[in-house]
Amino acid sequence: MSTYEAYLDGVGRDAMDRCTSCGKCVEACPTAAEIGLDRTASVRIVEELKAVTSGEAYPETAGKWIDACNGSAQCTAACPEQINVRQWMSVARIKKRTGTVPEPERRAVGAQKYRNMAHAMRLLASMQIPSETMKRITARGEGRDSELLFYTGCNVLRTPHIVFNIMDILDTLGVRYDVMGGAANCCGIYQFNEGDTKTHERIAGRTYESFAQTGASKVLTWCPTCQKQFAETRHEAAPRDFGIGHVTGFLADSIERMRPHFVDLPKRRAVLHEHDSLAGVTGNVRRLMAAIPNLEVVEIPQHRDWSYTCQAGKVWPGKVAEIHKLVAEGAASVGADLLVTTYHSCHRQLAGAEAQYPFKVMNFTDLVAEALGKGGRHDWFKQYKLGGDMQQAVELARGYLQQNGVELREEDVATLTAEVFGENGFGGDRAAFEGALRQLATP
Ligand code: SF4
Ligand code: SF4
């Protein structure tokens with residue numbers, strides 16, 4: 001057993017030692033309710049979870065609960081013993097996969113999921129990011145010299161305007177920072193989820209080591225999954241001499257330094273699409289929004305407790321579509337000018353609502369950058385979803401694909417169109433995007 005596997009094993013054992021089997025975690029869990037688990041049997045389900053964690057048995061009910069977990073952390077909030085039940089569930093998932101699926105299969109599934117993500121992300125990023133910036137982001141840690149490292153993770157590069165916004169904000173603050181991300185600097189989540197801990201350890205360990213090589217005293221994460229993987233798990237398993245935290249915390253703590261740069265903006269009313277399960281992030285975004293001149297945040301009912309981000313749309317398409325519809329209808333009903341997203345995965349899915357509702361969809365980084373007079377970063381991904389004239393997008397993408405040495409093949413057209421439009425039905429003319437891609441594809 002490696003040091004990291006021993007750490008995960010210890011997390012599971014510590015949770016079992018402290019757990020009193022009160023069952024409150026099961027009762028609070030939104031996905032347990034969604035899959036119809038009998039929550040009056042919560043005590044028995046927790047006992048089953050313990051059996052899985054210790055590798056003794058893999059009972060069906062606990063297995064269903066573990067597979068359904070989407071990381072909402074409602075269990076952790078409900079636990080009277082202050083156990084990080086979300087983290088325990090991740091360990092139990094690894095134990096279940098290890099105990100029930102042969103290693104070659106776990107390795108193959110994790111590798112395939114990683115390849116699918118990396119391929120789609122590389123194509124979409126290469127259509128929107130100039131090659132010099134791409135090289136800067138995707139380089140390793142050696143040879144860098146920064147006081148602060150902004151770690152993007154992989155998937156936000158599909159919506160790179162968010163990354164550019166944060167870089168613009170850090171530039172305005174006069175911070176000496178570097179930026180790192182892309183599939184070569186992955187957090188290893190695909191392997192982690194499949195229980196391929198050896199490959200996970202190699203990928204995530206290399207990225208974590210790369211953080212240290214930059215010499216930065218602080219790493220700022222963007223992606224909530226990376227934040228969970230690095231800040232909640234790896235940094236505890238193998239602490240290094242840099243601090244790690246979510247970028248929204250740093251930005252919210254820098255509001256007073258931003259104020260002198262704020263420009264005049266028109267009065268606007270905004271609804272924030274929220275997830276309340278990653279400590280502090282929603283509060284940080286709210287602090288930033290409260291500081292933006294002439295912006296009023298309007299409250300609507302929404303499902304804040306469902307998952308830690310909208311990435312689970314592929315697993316729960318009906319539920320996520322329902323949540324998004326509630327948010328969009330709510331924003332329209334209070335006459336909001338803006339629907340504001342926090343994470344990239346939510347932004348990808350909600351951006352298309354602008355085609356159907358009378359408000360604009362912006363990421364909170366768009367708003368902060370705009371307030372600092374830097375809001376010129378175009379959201380090409382949103383434009384892909386809205387349809388209309390794609391000629392400018394095609395010309396830009398053609399040049400960037402060439403610069404980045406990336407070829408778009410005919411078979412990628414269907415894959416990318418499904419990626420961009422497949423999530424919740426919001427969007428404009430799908431054929432406009434498909435046609436634009438076809439112009440770029442090599443037969
Ligand atoms: S993290 Fe959320 S979905 Fe997972 S077990 Fe806990 S409450 Fe349920
Ligand atoms: S809420 Fe905490 S103590 Fe109660 S069963 Fe769940 S993990 Fe154990």
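1. A word on strand pairing to begin with: two strands pair if DSSP finds at least two bridges between them. In this predicted model, strand S7 (residues 338-341) and S8 meet that condition with 4 bridges, running in the parallel sense.

2. Stepping back to the whole sheet, you will see 4 strands in the order S6-S5-S7-S8, forming an open sheet with parallel pairing. Its edges are strand S6 (295-297) and strand S8 (360-363), each of which pairs on one side only. From one strand to the next, the twist averages 35 degrees. Helix H19 (residues 364-371) packs on this sheet, where it touches S6, S7 and S8. The direction of H19 makes about 80 degrees with that of S8.

3. Asn294 has a positive phi of about 65 degrees, although it is not a glycine. Asn294 sits in the loop between helix H16 (281-291) and S6. Is Asn294 buried or exposed? A residue is exposed if 12 or fewer other C-beta atoms lie within 10 Å of its own; Asn294 has 12 such neighbours inside 10 Å, so it counts as exposed.

4. You can find Ala73 in the loop between helix H5 (60-68) and H6.

5. Now for the ligands, starting with ligand 1. Which residues come nearest to ligand 1? Of the 14 residues around it, they are Cys29, Cys69, Ser72, Gln74 and Cys75. Helix H3 (30-34), helix H6 (74-78) and helix H7 (85-100) are the elements that give two or more residues to this shell. H7 gives the most, with 3 residues. By class, the shell around ligand 1 holds 8 nonpolar residues, 5 polar ones and 1 charged one.

6. Ligand 2 has 13 residues around it, and Cys19, Cys22, Lys24, Cys25 and Cys79 come nearest. Its shell divides into 8 nonpolar, 3 polar and 2 charged residues.

7. Last, the domains. The domain assignment of the protein chain gives domain 1 (3-100) and domain 2 (103-253). Taken over C-alpha atoms, their centres are 28 Å apart. How many residues does each domain bring to the contact? Domain 1 brings 9 and domain 2 brings 10. On the side of domain 1 that touches domain 2, helix H1 (3-18) and H7 each supply at least two residues. The largest share of that side, 5 residues, comes from H7, the helix that also gives the most to the shell around ligand 1. By class, this side of domain 1 is made up of 3 nonpolar, 3 polar and 3 charged residues.

Notes:
Residues are numbered from 1 along each chain as its sequence is written. Chains are lettered from A and ligands numbered from 1 in the order in which they are written. This is a predicted model: local features need pLDDT of at least 70, side-chain atom pairs count only at pLDDT 80 or more; totals for chains, interfaces and linings use all residues. A residue is near a molecule or strand if its C-beta atom, placed from the backbone, lies within 6 Å of it. Ala, Val, Leu, Ile, Met, Phe, Trp, Tyr, Cys and Pro count as nonpolar, Asp, Glu, Lys and Arg as charged, and the others, Gly among them, as polar. Domain bounds come from an automatic or database domain assignment. Two residues are in contact if their C-beta atoms, placed from the backbone, lie within 7 Å. Axes are lines fitted to C-alpha atoms, for helices over the stretch in contact, and angles run from 0 to 180 degrees between N-to-C directions. A residue is buried if 20 or more other C-beta atoms lie within 10 Å of its own, exposed if 12 or fewer, and partly exposed in between; C-beta atoms are placed from the backbone.
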